[in-house]
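Please open the structure in your viewer and keep the selection panel at hand. The tour moves from one selection to the next and says what is found at each stop.

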Amino acid sequence: MRKAKEFIVEKLILTCGVASIFFVALIFLFLMKEGLAVFKTVSLSDFLAGHKWYPISEPPQLGILPLILGSILVTIGAAIISIPIGVGSAIYIAEIAPAWAKEVLKAGVELLAAIPSVVLGFVGMVTLVPLVKNVFNLPTGLTALSGSIMLAFMAMPTIVSVAEDALYSVPKNYKEGAFALGATQWQTIWRVMLPASSSGILAAVMLGIGRVIGETMAVMMITGNAAVIPKTILVPVRTLTATVAAEMGEAVVGGEHYFALFAIGIVLFMISFMINVTADLFLHKRQR
Amino acid sequence: MRNPYRTQKIAFFFLLLSTLLIVVPVGLIVVIIIQKGLPAINWQFLSEVPQQGMRAGGIFPAIVGTFYLVSGAILFALPIGLLAAVYLTEYAKDNLLTRIIKLAIVNLAGVPSVVYGLFGFALFVVFFKFGASILSGSLTLGIMILPVIITTSVEALESVPASFREVSLSLGVSKWQTIRNIVLPNAVPGILTGTILGLGRAAGETAPILFTVAAFYLPQLPASIFDQAMALPYHLYVISTQVPNVDEKVRYGTAFVLLALVLSMNLVAIVIRSKFRKKKKW
Amino acid sequence: MVDPKFDIKDLSVWFGHLQALKKVTLAIAPNEILSIIGPSNSGKTTFLRMLNRLNALNLSFRVEGEIRIDGVDLLRLDVEALRKRVGMVFALPLSLPLSIYDNVAYGVRMHGEKNKKKLEGRVQAALEEAYLWEEVKDRLQESAFKLSGGQQQRLCIARTLAVEPEVILFDEPCSGLDPISTAKVEDAMLKLKSRYTIVLVTNNVKQAARVGDRTAFFLNGELIELDQTEKIFTAPHDKRTEDYILGKFG
């Protein structure tokens, strides 16, 4: 009796254990199910490289190149800002800050991670957007640059915490060895700690970028959402995520627009999948 | 030859600057929202429905909607996540399956929130025909917070000393009894922390509920899990971008309530965690 | 020798590529105290943990050979039933994070005893047998962590006794205790001998001399010598046994 019960319980545990695999597969499956149909109307190359995104014109033009470029532009901008600042602050928190400041700073970074993206988007709208508008004297502050700054900010918690872990996991005797040779603290960090933790820091950067590419609400609220190929960073752009979020409500289920938005979902899913798998490899390399 | 100590001074200055560039704006954001949002908060704002096209009145339906969504999400995610964590800590062997499970969890955590929205729409709204409803939204959010619950629960279970398990097993007590009576009770604070963090995450997300449940404006409260509902984060999005001429007070007030809700959950989680660490008996 | 309690033949154990036991053959008589001595990593704890199959918790574990308990193949027995019969006391006093009473009652409860009177009786009997009853009878509901190390170790003995085993395995039970607590635990062991078969792994050669009927010497996973305790300590056969006892290594 008890054995039978435990047998069932253990099967249930195993089922829940593999549930994550099941859900990832389910997500992929349903994106494919709804998204692949778009390729009946456009070819893969026209979809990925088409210059025009006019999903509701007749016939619809479903080229997502402007959206891809929008995402790339915003992401590059965010990466340029967030990588040095994020890694720098991870070094500061892990290696330099006194113990009391460490706790406060870590709490600050954790706090940032907890703020909902729609709140950050809202604050960005009322502070960052007018600022960008005035500084660069633009007709609108809803630009790729505003999006990059905002996203850089949102990527920080990921970059800082993963990079910090990477620094902590460097064996103590590396550092002690360097000090014993008379190196300054900075020389130790630069010559010993950073190279030793490089794969973890790389993973931190990748996960941060993954966060940026996937971010939706804040980016939709402050990048202006113009689906044209951007020439500079000071114009409105529309990202892949914002396109889905903004247009899904209007798309007719089973229509071409609907299929196209799911196809964008496939693209996003694959990007995040690749980033996460690679980052995971880097993290495991560090452990070994 | 450059002076290494001057180099160090300059480097440390820039590192400190980077840290401040993150932490100071965070502080500012919180201060701004408290400063401008707190004056908007009164009983009326919290307990009434929106009026004049959401330009005035309260945000009660959005609070209730978020409450329903978050409860539904946790009801779904907690049992699955907890048992998954039990599997990983107590049963999983060091093999390919375990490796794939861990990779799947990492990926689940990395899927963009808007993709969850698409998925939830395709599976729950369309395929299962739940429609845009609290049920669809809760399940979508539930799957999204699963990785949070699993990883924190795994941590909590791993913090229970292996010797407790050995003692229990050495008495002829079965594995499941050991988990039930020794491991789980001692992991409760950690599991609770993870659950609350998951709740906070679910409460703040917008993209996954956009097409699965969120109503633009719905003055009456949902009557069943098959109804649509308003939700705080979506409401904030709507009144900041979709409705012109909304009183600043209403926007800041809404942002304040959402932020306060999410941050207080995180605070509770942190308090439980630190209290538990101090009280730990082993 | 009467029918042995344990009969072990050619027992070899591996953890991954590491061989922890090499073709160990020995028999343990009922109601004897068998002491096992040897330097660390000699395989003595591995041997002990074979008798209640606790080694199987290690994922890279592999076994060859034969162990019989009362003539029955131990490796094929239901593992929970086996562990009920073969109790274990660990190196450190491992109290569970429960009250004193619940620590002792834990195993009994898990085996399905719900009757409160019977439970109380079992707990008291076990605590008495472990010579702890007098010290804790007025504070049974206190956390077990409030007891001293020696008391906790006797609590662990009581917890093991409460499930009414036939055999008790002691894995260096006094390694963390002061001499007075050690003496109390050894006392308890000697009195338990009349009712239980006891296998004692110890780092403390003198302890083996004090309590063991017979003593086995393990080295690098091999059983070097097994004989009456007196003989081992006065006239060992093997040079290595002598060296170890005299403290030349280990």
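Select chain A and chain B together: the area buried between them, meaning the accessible area (1.4 Å probe) that two parts lose on being put together, summed over both, is about 6600 Å², and carbon and sulfur atoms give 82% of it. This is a predicted model, in which local features need pLDDT of at least 70 and side-chain atom pairs count only at pLDDT 80 or more, while totals for chains, interfaces and linings use all residues. Residues are numbered from 1 along each chain as its sequence is written, chains are lettered from A and ligands numbered from 1 in the order in which they are written, and side-chain values use heavy atoms, with hydrogens and water left out.

Next, select the residues in contact (heavy atoms within 4.5 Å): 77 residues of chain B meet 78 residues of chain A. Two salt bridges (a side-chain nitrogen of Lys or Arg within 4 Å of a carboxyl oxygen of Asp or Glu) are found across this interface. In the salt bridge of Asp280(A) with Arg99(B), the closest N and O atoms are 3.6 Å apart.

Now move to helix α2 (residues 19-35) of chain A, which has 17 residues. Its buried residues (under 20% relative accessible area, 1.4 Å probe, protein chains only) include Phe23(A), Ile27(A), Phe30(A) and Glu34(A).

Terms used: Helices (H or I, at least four residues) and strands (E, at least two) are DSSP runs, numbered from the N terminus. The expected span of a helix is 1.5 Å times one less than its number of residues. Buried means under 20% relative accessible area, exposed over 50%, partly exposed in between (1.4 Å probe, protein chains only).
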